[in-house]
Amino acid sequence: MNVLLLGGSPSAPSTTWRLLRLVGERLAALGHRTTALQVRELPAHALLRADLDDPVVAEAVAQVAAADAIVVGTPVYKASFSGVLKTFLDLLPQDGLAGKLVLPLATGGSQSHMLALDYALRPVLASLGPRHILPGIYATAAQLPWDPDSGAPAPVAAIAARIDAGVEQLAHELELRHGAVRRANGAGPAAAAGVPASAPAAVLAA
Ligand SMILES: Cc1cc2nc3c(=O)[nH]c(=O)nc-3n(C[C@H](O)[C@H](O)[C@H](O)COP(=O)(O)O)c2cc1C
């Protein structure tokens with residue numbers, strides 16, 4: 001199935017993107033196709049003017065429409081999600097997440113604002129009509145250090161466990177959806193047996 005990693009940080013490098021990549025890599029390892037979209041790379045002028053005629057913005061909105069699941073990540077800014085992410089979510093149609101699964105992620109400077117995921121981001125995502133919003137994953141930068149040897153992100157044990165649980169739950173929900181789509185298309189289990197669950201490609205931007 002097709003999973004979009006939606007990054008809502010204006011910063012580069014981004015701690016939030018580090019978390020998104022970890023989730024994306026695990027989903028890709030399970031055979032899901034992942035694509036990446038970082039809002040900060042969209043044309044700012046078009047975003048602020050909500051210019052859906054801009055071809056880059058239109059393509060980004062189409063990426064959302066094409067996804068079966070969205071993993072959306074944001075830094076906590078002023079006890080809420082980032083304005084950068086909001087400019088993009090505001091461009092989506094009212095039912096822009098209809099039928100989709102959503103896994104929300106956030107990173108913050110401390111644990112104090114971890115509930116921003118639930119009181120700020122979740123209601124906005126819910127207003128876009130997704131099929132299901134999974135429990136979110138929250139981490140601080142200190143919980144997502146780099147491994148000095150490999151140079152790869154090395155989350156502390158508690159966050160690694162949350163990532164594993166979140167990915168497992170999303171993969172399970174995607175499999176349920178895949179089965180429903182197969183049945184809706186009239187493909188029985190035998191016909192579907194030779195069909196891979198999803199394309200194995202992973203497109204993960206740095
Ligand atoms: C403008 C600004 C506001 C922030 N507000 C908060 C906040 O209210 N609560 C918090 O825990 N962290 C806050 N932080 C810290 C960031 O959420 C944290 O560093 C985050 O991991 C940054 O992610 P990023 O590198 O993906 O942008 C703020 C950072 C900035 C730059």
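Colleague: Which helix gives the most to the shell around the ligand?
Modeller: Helix 1, with three residues. Helices here are DSSP runs of H or I, at least four residues, and strands are runs of E, at least two, numbered from the N terminus. This is a predicted model, where local features need pLDDT of at least 70, side-chain atom pairs count only at pLDDT 80 or more, and totals for chains, interfaces and linings use all residues. Residues are numbered from 1 along each chain as its sequence is written.

Colleague: How many residues surround the ligand?
Modeller: There are 18, and the closest are Ser-9, Thr-16, Pro-75, Gly-108 and Gly-109. A residue counts as near if its C-beta atom, placed from the backbone, lies within 6 Å of the molecule.

Colleague: OK, switching to helix 5. Which residues are buried there?
Modeller: Ala-116, Leu-117, Leu-121 and Leu-125. They cover an arc of only 75 degrees around the axis, so they sit on the same side of helix 5. That arc is taken from the directions from the helix axis to the C-beta atoms. Buried means 20 or more other C-beta atoms within 10 Å of a residue's own, exposed means 12 or fewer, and partly exposed is in between, with C-beta atoms placed from the backbone.

Colleague: And which are exposed on the other side?
Modeller: Tyr-119, Pro-123 and Ala-126.

Colleague: What do the buried ones pack against?
Modeller: Strand 3 (69–75), strand 4 (101–108), strand 5 (132–133) and strand 6 (137–140). Contact means C-beta atoms, placed from the backbone, within 7 Å.

Colleague: What follows helix 5?
Modeller: Gly-129, whose phi is positive, near 70 degrees.

Technical notes
Two residues are in contact if their C-beta atoms, placed from the backbone, lie within 7 Å.
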